[in-house]
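Biologist: I'd like a close look at the charged side chains in this model. Take your time, and tie them to the parts around them.

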Amino acid sequence: MQLSDFNALDSRDAARLVRVWAAVPAWADAVVAARPYGSTAELVEHASALSAEWTAEDLDAALAHHPRIGQRATGNDADARASASEQAAVSDADTAVRAEIAAANAAYESRFGRVFLVRAAGRSAQEILVEAQRRLTNDDATEIAEGLDALREIATLRMRSDLPEEATA
């Protein structure tokens, strides 16, 4: 999709797309309301500025639709396709590493009461495992901040993937 196509979408369809980037309803509505954007960089900058206001409740809302690391997303909607693509390294990992990631997921959920979120794109399964184990040592406030940072990273990657910069002649 081109940015001009995103700018032209009706508000409901645009919000549906933005919620794939991060399922934070008020943020998605604000991103949509600020259209039209002159460039993807402008969109990313605006969306990033808005995301600075995200709270622990926003993180929990976004994670309500997010699969566990290493768990195949169900369905064939845009969110499931994005998660599957981002988590390809974990899906391709050997059985032992996948089992360790599953154990780290369970420990994380027991400790923090939410799904472990990390930017998986560009990371190996072993790197994701090490990150999960490191974050298990965080206090609650630090972990909320790191979870929100991960959500921002994922949202930015998804924005740039869905709306690449248009070439100029």
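**Charged pairs and their helices**

Modeller: Let's start with Arg19, which has a relative accessible area of 32% and is partly exposed (buried is under 20%, exposed over 50%, partly exposed in between, with a 1.4 Å probe and protein chains only). Keep in mind that this is a predicted model: local features need pLDDT of at least 70, side-chain atom pairs count only at pLDDT 80 or more, and totals for chains, interfaces and linings use all residues. Residues are numbered from 1 along each chain as its sequence is written, and side-chain values use heavy atoms, with hydrogens and water left out.

Arg19 pairs up with Asp29 in a salt bridge, their closest N and O atoms being 3.1 Å apart (that is, a side-chain nitrogen of Lys or Arg within 4 Å of a carboxyl oxygen of Asp or Glu). Asp29 sits in helix 3 and Arg19 in helix 2, so the pair ties together parts 10 residues apart in sequence (helices are DSSP runs of H or I, at least four residues, numbered from the N terminus). Asp29 is partly exposed too, at 40% relative accessibility. Helix 2 also holds Asp13 and Arg16, three residues apart, about one turn of the helix, and their side chains form a salt bridge at 2.7 Å, N to O.

What about the rest of helix 3? Trp27, Ala28, Val31 and Val32 are buried there. Those residues fall within an arc of 135 degrees seen down the axis, so they line one face of helix 3 (the arc is taken from the directions from the helix axis to the C-beta atoms). Ala26 and Ala33 are exposed on the face turned away, while the buried residues pack against helix 2 (11–21), helix 4 and helix 10 (140–162).

In total, the structure holds 11 salt bridges.

Leaving out residues up to four places away in sequence, Glu143 touches Tyr108, Phe112, Arg135 and Asn138 (contact means heavy atoms within 4.5 Å).

Tyr108 and Phe112 are among the buried residues of helix 8, along with Val97, Ile101, Ala104 and Asn105. They cover an arc of only 105 degrees, which puts them on the same side of helix 8. Thr95 and Ser110 are exposed on the other side. At the N-terminal end, Asp94 caps helix 8, a side-chain oxygen lying 3.0 Å from the backbone nitrogen of Ala96.

Now for a contrast: Arg35, in the loop between helix 3 (25–33) and helix 4 (40–51), is buried yet has no salt bridge. Its side chain has a polar atom 2.8 Å from the backbone oxygen of Leu9, and the backbone oxygen of Val32 lies 3.1 Å from a polar atom of that side chain.

Methods
Helices (H or I, at least four residues) and strands (E, at least two) are DSSP runs, numbered from the N terminus. Lys and Arg count as positive and Asp and Glu as negative; His and the chain ends are not counted. A polar contact is a pair of N or O atoms within 3.5 Å; within protein, one must be able to donate a hydrogen and the other to accept it, and residues adjacent in sequence count only if both atoms are side-chain atoms.
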